[in-house]
Amino acid sequence: MDEPLPERCRVVAWRPAVPGISEVFHARIVNYEYPKHCHDTWTVLIVDDGAIRYDLDTRHHGAVGRTVSILPPGVVHNGYPSRRTGHFRKRNLYLDSGFLPLDLVGRAVDGSSFEDAALRAAIGALHDRLTAPDPLDVEERLAAIAERFRHRLLRRPPVVRDPEPTVADGLRDYLDGHLTGDVTLKNAAHLLDRSVAHLVRSFTRRYRISPHAYVIGARIDLARKLLLDGVPPARVAAETGFHDQAHLTRHFTRHVSIPPGRYAAGYPKAASGS
């Protein structure tokens with residue numbers, strides 16, 4: 001039987017319906033030590049309050065609010081509050097083993113935690129979007145986070161390829177051709193022989209909008225046409241690539257200022273027989 005957590009500990013966990021993320025885990029831990037264990041995922045950890053200590057293989061590490069920590073797959077570790085605070089509040093992302101190359105495992109063991117305000121902000125922003133995620137948006141954000149982790153773990157200045165207008169145009173063609181179906185930057189990267197992060201940089205530089213924002217805007221334009229043609233919102237959602245009517249409503253209201261049902265109801269229908 002599992003040992004229960006102390007009464008003042010709180011845990012919330014879920015698996016978002018997006019590729020690449022195995023689990024999201026938020027916890028407040030008070031006077032409790034995790035036993036030694038390991039995961040088959042990369043664990044990305046940020047601390048919102050207090051401080052955490054952990055032993056990763058034979059290395060001793062710590063994390064506080066200004067740091068970002070990454071624990072590699074297959075490496076034994078534990079976790080416990082620092083003696084000074086006696087508690088911590090943290091947010092974890094458990095990311096599939098392909099998130100980073102496995103040859104970075106050793107570097108992550110040696111240098112698991114580091115200060116990087118921009119990276120921490122990017123991870124926090126991703127957490128904020130994972131209660132109702134858009135897969136393309138998450139894919140963009142994960143690619144940027146992974147790229148920054150690679151640079152930090154390799155401990156060398158980033159070598160970033162200049163944005164390529166032709167690659168941006170190729171991505172736009174791909175997005176336009178898959179607008180109402182499954183759109184993944186991973187597939188586009190394979191077709192265009194570039195990394196996902198480079199595709200996003202090139203597209204954003206050329207069009208002044210991210211691929212995700214471009215796709216949502218184009219889908220909203222198509223949804224407006226269908227709604228004015230009298231197509232019910234639920235069917236519009238299905239025909240324009242949104243997950244469901246709630247997903248359409250959220251983005252439609254943000255773009256147009258009113259829900260799709262009200263938008264369609266306000267269109268003056270021609271009188272019968274006229």
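The structure is a predicted model, in which local features need pLDDT of at least 70 and side-chain atom pairs count only at pLDDT 80 or more, while totals for chains, interfaces and linings use all residues. Residues are numbered from 1 along each chain as its sequence is written, and side-chain values use heavy atoms, with hydrogens and water left out.

The secondary structure of the protein consists of ten helices and ten strands. Helices (H or I, at least four residues) and strands (E, at least two) are DSSP runs, numbered from the N terminus. The C-alpha trace spans about 80 × 45 × 30 Å along its principal axes. Of the 274 residues, 45% count as buried; buried means under 20% relative accessible area, exposed means over 50%, and partly exposed lies in between, with a 1.4 Å probe and protein chains only. The protein exposes about 14700 Å², of which carbon and sulfur atoms supply 51%. Accessible areas come from the Shrake-Rupley method with a 1.4 Å probe, and for residues only the protein chains shown count as cover. Among contacts (heavy atoms within 4.5 Å) with a separation of 6 or more, 71% are between residues 24 or more positions apart.

Strand 4 (residues 42-50) is mostly covered, with seven of its nine residues buried. Strand 4 is joined to strand 9 (residues 87-95) by eight bridges, and the two run antiparallel; strands count as paired if DSSP finds at least two bridges between them. In this pairing Trp 42 stands opposite Leu 95 of strand 9. Strand 4 also pairs with strand 7 in the antiparallel sense, over three bridges, and there the bridge partner of Thr 43 is Leu 71.

Strand 5 (residues 52-56) is likewise mostly covered, four of its five residues being buried. Five bridges join strand 5 to strand 6 (residues 59-63) in an antiparallel arrangement. These two strands form a hairpin with two residues between them, and Asp 57 in the turn has a positive phi of about 60°. Three bridges connect strand 5 to strand 8 (residues 77-81), also antiparallel. Arg 53 takes part in both pairings: Arg 53 stands opposite Gly 62 in strand 6, and its bridge partner in strand 8 is Tyr 80. In a regular strand the side chains alternate between the two faces of the sheet.

The largest pocket holds about 860 Å³ of space. Its lining comprises 32 residues, of which Pro 19, Glu 139, Leu 142, Thr 184 and Lys 186 are the closest to its centre. The elements that give two or more residues to this lining are helix 3 (135-154), helix 6 (196-207) and helix 7 (211-228), and helix 3 gives the most, with eight residues. By class, the lining has 15 nonpolar, ten polar and seven charged residues. Here Ala, Val, Leu, Ile, Met, Phe, Trp, Tyr, Cys and Pro count as nonpolar, Asp, Glu, Lys and Arg as charged, and the others, Gly among them, as polar.

Pockets were located on a 1 Å grid over the protein atoms alone: a pocket is an open set of points where a 1.4 Å probe fits, with protein on both sides within 12 Å along at least five of seven lines, and lining residues have an atom within 4 Å of a point. Grid points are joined across faces, edges and corners, and a volume is the space filled by probe spheres set on the points.

The second largest pocket has a volume of about 310 Å³. It is lined by 17 residues, with Asp 134, Asp 137, His 212, His 251 and Arg 254 nearest its centre. Helix 3, helix 7 and helix 9 (245-256) each supply at least two lining residues, and helix 9 gives the most, with four. The lining divides into five nonpolar, five polar and seven charged residues.

His 247 is found in helix 9 and is buried, with a relative accessible area of 3%. Not counting residues up to four places away in sequence, His 247 touches Asp 134 and Phe 242.

Two loop residues were also examined. Gly 74, in the loop between strand 7 (67-71) and strand 8, counts as exposed because its relative accessibility is 54%. Leaving aside neighbours within four places in sequence, Gly 74 is in contact with Cys 38 and His 39. Val 160 lies in the loop between helix 3 and helix 4 (165-177) and counts as partly exposed, at 38% relative accessibility. The C-alpha atoms of Val 160 and Val 109, 51 residues apart along the chain, are separated by 25 Å.
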